Amino acid sequence: MDDLPFHYAAACDAEGCKLPPCWKIAAAWSHGPLRELKNYGLACERHRDDLVARAQGRREALAVGDDEAVGPIAAFPLRRPDEPTPDL
Ligand SMILES: [Zn+2]
């Protein structure tokens, strides 16, 4: 039964971790004129480094096209709803 007192819309992506995420693991991606952040998952404070390392392994395995570019994996702090949205 799932009767936890709090429900989070998202949780840390580490195996079995139920902590709320504080970090978004992402890499800047571009394809011609298109640019966005490619999302590699969410991490709590404790698993941030683990999940960055895991995302780096996945990124290296990714085939990138000639006009595609993927920047280094980084952890971006998640904002609370009352904080302003950062410009990326
Ligand atoms: Zn975690």
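Analyst: Strands are DSSP runs of E with at least two residues, helices are runs of H or I with at least four, and both are numbered from the N terminus. Two strands pair if DSSP finds at least two bridges between them. This is a predicted model: local features need pLDDT of at least 70, side-chain atom pairs count only at pLDDT 80 or more, and totals for chains, interfaces and linings use all residues. Residues are numbered from 1 along each chain as its sequence is written.

User: How many bridges join S1 to S2?

Analyst: S1 (residues 23–31) and S2 (residues 34–43) run antiparallel and are joined by 9 bridges. Alanine 28 stands opposite leucine 37 of S2. Their hairpin has 2 residues between the strands, and glycine 32 takes a positive phi near 60° there.

User: What is the order of the strands in the open sheet?

Analyst: The order of this 3-strand sheet is S2-S1-S3, with antiparallel pairing. S2 and S3 are the edge strands, each pairing on one side only.

User: Why does lysine 38 count as partly exposed?

Analyst: Lysine 38, found in strand S2, counts as partly exposed because it has 16 C-beta neighbours inside 10 Å. With C-beta atoms placed from the backbone, a residue is buried if 20 or more others lie within 10 Å of its own, exposed if 12 or fewer, and partly exposed in between.
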